[in-house]
Structure formats: structure tokens, C-alpha cells
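Reader: I'd like to go through the aromatic residues in this one with you. Could you take me through them slowly?
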Amino acid sequence: MNLLRRHFLRLTGALIAAPMMPRLAAALDYPTRPTKIVAGFAAGGGVDITARLIGQWLADHLGEPFVVENRTGAGGNIGTEAVVNAAPDGYTLLLATVPNAVNASLYEKLSFNFVRDIAPVAGVIRVPMVVLVHPSVPAQTLAEFIAYAKANPGKVNMASAGSGSAPHMAGELFKMMTGVDMVHVPYRGQGPAMTDLIGGQVQILFAAAPGTTDHIKTGKLRALAVTTATRMAEMPDVPTVGEVVTGYEASQWYGFAAPKNTPAEIIGKLNQEINAAIADAGMKARLAAIGGDPMPGTPADFGKLITEETEKWSKVVRAGGLRPE
């Protein structure tokens, strides 16, 4: 009787496991064909460069192409929607970034819920921002700038890389936490915003750190602070915003996500390779060239960041009454 019972249990277990076997086998064999990495922003920017650097690593180490596709528009929403609606098989990935967290509250009607409809894979890098002002602004420190802006409400023009961008939101968080009244002037990218800041058409810009040091060293622009919780190694004498405005922190970040229900085995394999990539000395140097500090961790770690950032920026969007421009 016991023999029959053991045979029955083995047979039942085999029948239960049978439907899972093809899925597990496919996950373990992944990838067997090219994988698409969707970047929601134009070629040449931080999102695109990060996607291509990590995509090349994955191709070299997993044996199949990882091809970047730039699906621009609506602050990254068009590319995100394409990934959300893709098959959850690991062959369509998203290079996620700050606007993904911002757009959840910035746009009233989206066809997807970013937190609910994606599966976090891995963080890649965090990029500091620098608070830059034109030399004509009569402030040598951040505290002096806050006093100046409060004495001149609505007269300070704050440039940004675009509505809902990380630099824009860093500036809006600053406005919310200090009570200063600055006029937002959105540009199509950081380059044009920087040009007008150097030309004096605008007075302040929260700028992604890469590409700013030469302007600071030559005196074309003045750095008042960095937005991250700790000072930058490249600018040790520049204080953090948090040293003046307690609790302030903002940064650009990049990471990978997949459609929800993507097999855990595939996500695990990608997470392992991406963590290996950002720990590699050569890759670290390439990422440092775009100002990136490695952001290793599990899929759950990256998911926690996305959730926290979505909640954080929703408060800023509501406080500022922000809308897409």
C-alpha cells in the first residue's frame, strides 16, 4: 500500500511540474535571440548611452545581441508603454529613469501604471546634479541665493532640461522645500538650457554633473551646491544642498525593467550580469565618464527605489501644480 502511495505521489508531482518545465527551460536558455532595450529618450543622452553600454556587456556575456531602440515622446511614456505591452519573455526591456517615476503623477491619464505594470530588473547608476547660476547672480553660496530669490519673487528664471526631467524636478523640490518663487523655463535637453544659462538669459539650472566642470573652472558658471546626499569627489569643495536645506536629496538614476510577469529566472540572470557589469573596472570607468556612480542591488532593491521615487515626486508635482508642457 505504501509503495502504491509513493508511486501515486511521484506521478502527481510530475504532472504538476510538467507545465512548468518548458517555461523553466526557456528561462535557463535565455537568451536565444536578440533582445530589444527601449530607451524613451533621444540618442546621445544619458539614457541612451547607459542602455548601449550595458547592452553591449550583456551581448558579450550572454551571446546574443541586445539592441537599443529609441522610442521618444511624451516624456518617455511612449517607450514605456511599448515595454508594458510587450510579451513578458525577457526579449523587451526598458531603460528606466526618473521621468518614469515623475510621469505617474505628472500625466493625468496614462494607459499603464508604472509601478504595477513593470518588473524591476536592476539598478545601474546614480548621477549627481549641480546647482549652477550665472555669474551675474549676486550670490556666492546657496544660502545667499535663497535669500536673493526670496527678495525677488518671480524674477529668477530657472532653466531645465524639459518638463518632468530630473533637473526640473530637482529644482521644483528645491522650490517646495525653501519656499522660493522661481519661473520655470523648460528646454529640449540640457544642452540648450546650459547655453542660455551661460548667455545670461536664465539665472539658475539644476544640471546633470557631466559636462559642467569646464564651465565652472573657467568662471562661466558658478556652482553653489550638488544635489546628492554626499559631496562629489570631483567637486569636494562644493557643498550639498542638504547642508543648507535639511533633508534635500535629488539625483538622476538609470536602471532596467521588464514587463510584469517576466519569469523570475530571466530577471535573475539579467540582474546578475548587470551587477557584474557595474562592478567591472572598465565599465566603471565608462559609466564614470557620464557621471555615474554604480547602483548595485537586487530586483527588489531597484523596485523599492522606483516606489519611493514615485511617491516622492508625486508630492512635488502636487505641491507645484505641475503639468506637462
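Reader: To start with, is Phe174 buried or exposed?
Author: Phe174 is buried, with a relative accessible area of 0%, where buried means under 20% relative accessible area and exposed over 50%, using a 1.4 Å probe and protein chains only. This is a predicted model, in which local features need pLDDT of at least 70 and side-chain atom pairs count only at pLDDT 80 or more, while totals for chains, interfaces and linings use all residues. Residues are numbered from 1 along each chain as its sequence is written, and side-chain values use heavy atoms, with hydrogens and water left out.
Reader: And how many aromatic pairs are there in the whole structure?
Author: A search of the whole structure gives four, counting rings of Phe, Tyr and Trp (its six-membered ring) whose centres lie within 6.5 Å, with planes under 30 degrees apart called stacked, over 60 edge-to-face and the rest tilted. One of them is the tilted pair of Phe145 and Phe174, at 6.4 Å centre to centre and 40 degrees between the planes.
Reader: Which helices does that pair link?
Author: Phe145 is in helix H7 and Phe174 in helix H8, 29 residues apart, with helices taken as DSSP runs of H or I of at least four residues, strands as E runs of at least two, both numbered from the N terminus. Phe145, Phe174 and Phe206 also form one aromatic cluster.
Reader: Changing topic, which ring does the charged end of Arg33 sit over?
Author: That is the ring of Tyr91, with the charged end 3.7 Å from its centre; the criterion is CZ of Arg or NZ of Lys within 6 Å of the ring centre and within 35 degrees of the ring normal.
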